[in-house]
Amino acid sequence: MTKHLVYLGLGTNLGDRASNILRAIQLIGERVGIVVRQSSLIETEPWGFESPNKFLNAVILCETERTPREVLRLTQKIERDMGRKKPIGRQSPSATHRTDGTVTKRRYKDRPIDIDILLYDDITVDDPDLKIPHPLMHERDFVMVPLNEIRHIEISK
């Protein structure tokens with residue numbers, strides 16, 4: 001099967017944040033594919049909402065045989081398994097980009113883990129529930145700083 005490179009953004013602001021990140025990485029390695037590289041952990045203020053709980057963020061690079069849709073399904077399952085509850089109604093964490101060009105805001109809230117697909121090889125996906133590259137990643141230093149830390153390092157095969 002073909003191997004694909006997927007960059008995943010991880011964030012947590014509830015519970016033992018460092019353990020949450022490590023557990024998510026472990027589960028991604030078991031379910032999605034081999035974790036090739038991990039950024040440093042960075043602590044940041046909440047983005048898009050107010051909370052007294054700071055976030056711990058990281059980006060990982062994963063080598064996978066899974067399709068983008070499978071990666072989405074598996075990472076959402078990991079979020080649920082780690083205790084993430086989606087709000088009733090619109091889901092968080094980002095804006096919904098409709099086909100007519102309008103944008104509706106989704107609700108952000110505290111969470112034990114958030115896993116976002118940032119990049120998948122060099123493909124573009126523009127489905128209602130899956131956007132690759134992640135449409136808001138360039139607005140978020142907590143994504144771009146760790147992504148740039150690990151992105152341009154050569155992978156030995």
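This is a predicted model: local features need pLDDT of at least 70, side-chain atom pairs count only at pLDDT 80 or more; totals for chains, interfaces and linings use all residues.
**Exercise 1.** Check the length of helix 1 against its residue count, then work out how its buried residues are arranged around the axis.

*Solution.* 
Step 1. Helix 1 has 15 residues, which at 1.5 Å a residue should span 21 Å. Its end C-alpha atoms are 21 Å apart, so the two values agree.
Step 2. Collect the buried residues of helix 1: Asn20, Ile21, Ala24, Ile25, Leu27 and Ile28.
Step 3. View helix 1 down its axis. The buried residues fall within an arc of 165°, so they line one face of the helix.
Step 4. Identify what the buried residues of helix 1 pack against: strand 1, strand 2 (33-38), strand 4, helix 2 (68-81) and strand 7.

**Exercise 2.** Which strands pair with strand 1, and in what sense?

*Solution.* 
Step 1. Strand 1 spans residues 4-12, and eight of its nine residues are buried.
Step 2. Strand 4 (residues 55-64) pairs with strand 1 in the antiparallel sense, over nine bridges. In this pairing, tyrosine 7 has leucine 61 as its bridge partner.
Step 3. Strand 7 (residues 114-120) also pairs with strand 1 in the antiparallel sense, over six bridges. Here leucine 10 has isoleucine 115 as its bridge partner.

**Exercise 3.** Describe helix 2: its span, its buried residues and what covers them.

*Solution.* 
Step 1. The 14 residues of helix 2 reach 20 Å from the first C-alpha to the last, close to the 20 Å expected.
Step 2. Its buried residues are Pro68, Val71, Leu72, Leu74, Thr75, Ile78 and Glu79.
Step 3. Their cover includes strand 1, helix 1, strand 4, strand 7 and strand 9 (130-132).
Step 4. Just past the end of helix 2, glycine 83 takes a positive phi of about 100°.

**Exercise 4.** What does the side chain of lysine 131 reach, and is lysine 131 buried or exposed?

*Solution.* 
Step 1. Lysine 131 is in strand 9.
Step 2. With a relative accessibility of 17%, lysine 131 counts as buried.
Step 3. The side chain of lysine 131 makes a polar contact of 2.7 Å with the side chain of aspartate 126. It also reaches the backbone oxygen of aspartate 127 at 3.0 Å.

**Exercise 5.** How many helices and strands does the chain have, and what share of its residues is buried?

*Solution.* 
Step 1. There are three helices and nine strands, in the order β-α-β-β-β-α-β-β-β-β-β-α from the N terminus.
Step 2. Of the 157 residues, 47% count as buried.
Step 3. Among contacts between residues at least 6 apart in sequence, 68% join residues at least 24 apart.

Conventions
Residues are numbered from 1 along each chain as its sequence is written. Side-chain values use heavy atoms; hydrogens and water are left out. Buried means under 20% relative accessible area, exposed over 50%, partly exposed in between (1.4 Å probe, protein chains only). Helices (H or I, at least four residues) and strands (E, at least two) are DSSP runs, numbered from the N terminus. Two strands pair if DSSP finds at least two bridges between them. Contact means heavy atoms within 4.5 Å. The expected span of a helix is 1.5 Å times one less than its number of residues. The arc is that of the directions from the helix axis to the C-beta atoms. A polar contact is a pair of N or O atoms within 3.5 Å; within protein, one must be able to donate a hydrogen and the other to accept it, and residues adjacent in sequence count only if both atoms are side-chain atoms.
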